Amino acid sequence: MASPETLTIRADLLEEARLLRRLGFGKPLISELLFKATVNRTSLEAELIAAGPVRSDIYYEALAEMLGLAFLRRIDAGRVVDMAGLDTQLLQPQMVRLTSGARPPITAIVPTAARMAQLQETLARQPALRNLLAVTTPRAMREAVWHAGAARRIRETTAGLFETAPEFSARVTFWGRQGFYTGAAICAAVFTAMLAPELAVVTLHLVLSALFVAALVIRLSALFGTAADGATSPAPPPAEPRPVYSVFVALYREAEVVPQLIDHLDRLDWPRSRLDIKLICEGDDTETLAALRGRDLGAQYEIVEVPPGRPRTKPRALAYALPAARGSYLTVYDAEDRPHPGQLGEAWAAFRAAPPDVACLQAPLVISNGRSSWISALFALEYAGLFRRLLPLLAARRLPMPLGGTSNHFRTDILRTCGGWDPYNVTEDADLGMRLHRMGFRCATLRRPTLEDAPDDTRAWLGQRTRWFKGWLQTWLVLMRRPGLLVSEMGLLPFAAFQVLIGGLLLSALAHPLLLAHVVRVMVAVAADGPFVVGPLALFLFAIDVANIFGSYAIFIALGWKPMRARERRAVGWRWVLVPGYWMLMSLAAWRAVAELRRDPFFWNKTAHRPVAPGSPGVSGMSGSPAGAHAENPMPPP
């Protein structure tokens, strides 16, 4: 980074510096702000408010006094008319017209230090304007605009994707023709089972066996393939000003983890003047809103209230805030996440080095509470294999990638182009990953992780996994509305990978108990007294079933075990032997998802989160700088 002596100070910054001197700020602070504004290509005003030596409302009140204008600390949203172009003030607050029944309307403005001299000159020439203008803060203007346009905005959010690109929306579970073909297939299967039960059983057996084998091949490639060894070491950030980076966090009934969340967001190694952090909360979640408002949040934070309504889902909340994202890049975190402080820097460097068709970068999710229970231990094993072996393989082979629900980094313009999140899909991450691929974009992976805790009891895990399976089923149904078109958009190999990764995952989870029961039945019959005669086909299928079931268990364990560090393996301990029970629970979740898709397709089963205990793995070592962030980090240093 350049030193203060080698920087060329812009003329507009010098003008701002003179204004700050008139407001009483000292030369050392102004020099520091000049350096930051030059390096970040911002303004002294932005750096002053981001640094926090003066409150935003006090600063703008001082500007109002210099201009001789009234100051509005808060704006009554009822005085703001929801008109065309109002939402532009969410991106860059400048002015908004305020109506009043008793007196003429006035215009609330957000003056900038760079234009103060021009404003003073205008007011001196036209003193009557002083009765028509008032000064306010960017935060007050944004809050008023959010509330004024809420009803219109939530309608657009809920119906937008369905009305503009209905083929991408899960609002209608089955399209007419799709429902007809599904019904016809079920009827044909039932009649076949009644008229030729042996043929039906063998056909189903062969289909399931083929899916199991295909899934095993992909996971074996992830286990032994060099392409799955993880993303390359992150390149150093470019030697140029950093862009604005938007960080979205959707919160619902998360008051307990708010202090931990803010603490870790504050550690992100990114200039505060270039951060746009949106804390997106349901409007009727009074406890979480109170917890957020009780914090002394910096200027980079913005609380977004989503009007209550159906569907009450995370993607609906994210989609509601998307039009107001100010960043060139955007990432999504969950309330309980503890991201690596250098993750934004790595993502920016990776985007700059990648081709323009790379639309999303997925950071690995690392489970830090593997010791808590057998459920969390096997969850940690599953996530290690998925995020550190399987997803890097899919990215390297340019195959469709089901994204994780958090820590995905997007090019904001592409995210908007592809329609953003589907409010009706309860596994919005997988849906978006597949949609990006079919629209000609691709995803890649990062190295710097995000730590999070897994559910540590069976009930919470089952509710979360039921929602995931329901969302994967929604995603499969959405993409399979026009299979021929999907093949032409994706390509044959990616289409086959999609069928194995999404469709095969669902079918294998549903059928796993049946195949296991069949294997046990045959083994019991072989072990029993008396003759046991079996044909070559049945013997072949039995051998395939044994290889599929026990091979799947082995690959599941090995795929997760290989990228883990020693401490993570100790946390899992002997509990890997419980993988068969874990798979049976997955089957139960899959069957529950099928039933729930019919009964309540958009129900979001909320997973409760608790703050992490001090000293837990990954917490004490994740300091504010990337250099110290690996002390307790389960991921190997990049």
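Author: What follows is a run through the labels, each set against its definition.

Author: First, the ground rules: this is a predicted model, in which local features need pLDDT of at least 70, side-chain atom pairs count only at pLDDT 80 or more, and totals for chains, interfaces and linings use all residues. Residues are numbered from 1 along each chain as its sequence is written, and side-chain values use heavy atoms, with hydrogens and water left out.

Reader: How many helices and strands are there in the protein, and what counts as one?

Author: The protein has 23 helices and 14 strands.

Reader: What makes Thr427 buried or exposed?

Author: Its relative accessible area is 4%. Buried means under 20%, exposed over 50%, and partly exposed in between (1.4 Å probe, protein chains only), so Thr427 is buried. Thr427 sits in the loop between helix H16 (412–417) and H17. Leaving aside neighbours within four places in sequence, Thr427 is in contact (heavy atoms within 4.5 Å) with Arg467, Trp468, Gly471, Trp472 and Thr475.

Reader: Which backbone oxygen lies 3.1 Å from a polar atom of the Thr427 side chain, and what is the cut-off for a polar contact?

Author: The oxygen belongs to Trp468. A polar contact is a pair of N or O atoms within 3.5 Å; within protein, one must be able to donate a hydrogen and the other to accept it, and residues adjacent in sequence count only if both atoms are side-chain atoms.

Reader: Why is helix H17 called largely enclosed?

Author: Because 11 of the 11 residues of H17 (residues 428–438) are buried. Just after H17, Gly440 takes a positive phi of about 95°.

Reader: How many residues of helix H14 are buried?

Author: For H14 (residues 343–353) the count is 8 of 11, and the helix is described as mostly covered. Its buried residues include Trp348 and Phe351.

Reader: What makes H1 and H3 oblique to each other?

Author: Helix H1 (residues 11–22) and helix H3 (residues 44–51) pack at about 55°, with axes 9 Å apart. Axes are lines fitted to C-alpha atoms, for helices over the stretch in contact, and angles run from 0 to 180 degrees between N-to-C directions. Under 35 degrees counts as roughly parallel, over 145 as roughly antiparallel, 65 to 115 as roughly perpendicular and the rest as oblique, so H1 and H3 are oblique. Leu13, Glu16, Ala17 and Leu20 of H1 meet Leu44, Glu45 and Leu48 of H3.

Reader: How do the residues of that H1 and H3 contact divide by type?

Author: There are 5 nonpolar, no polar and 2 charged. Ala, Val, Leu, Ile, Met, Phe, Trp, Tyr, Cys and Pro count as nonpolar, Asp, Glu, Lys and Arg as charged, and the others, Gly among them, as polar.

Reader: And what is the label for H15 against H23?

Author: Helix H15 (residues 374–396) and helix H23 (residues 579–599) cross at roughly 85°, with axes coming within 11 Å. That makes H15 roughly perpendicular to H23. Their contact has 8 nonpolar residues, 1 polar and 1 charged.

Reader: Is Leu34 buried or exposed?

Author: At 14% relative accessibility, Leu34 counts as buried. Leu34 belongs to helix H2 (residues 27–40), and touches Ile9, Leu13 and Leu44, not counting residues up to four places away in sequence.

Reader: Which peptide bond is cis, with omega near -5°?

Author: The one from Arg310 to Pro311. Pro311 lies in the loop between strand E7 (301–306) and helix H13 (314–321).

Terms used
Helices (H or I, at least four residues) and strands (E, at least two) are DSSP runs, numbered from the N terminus.
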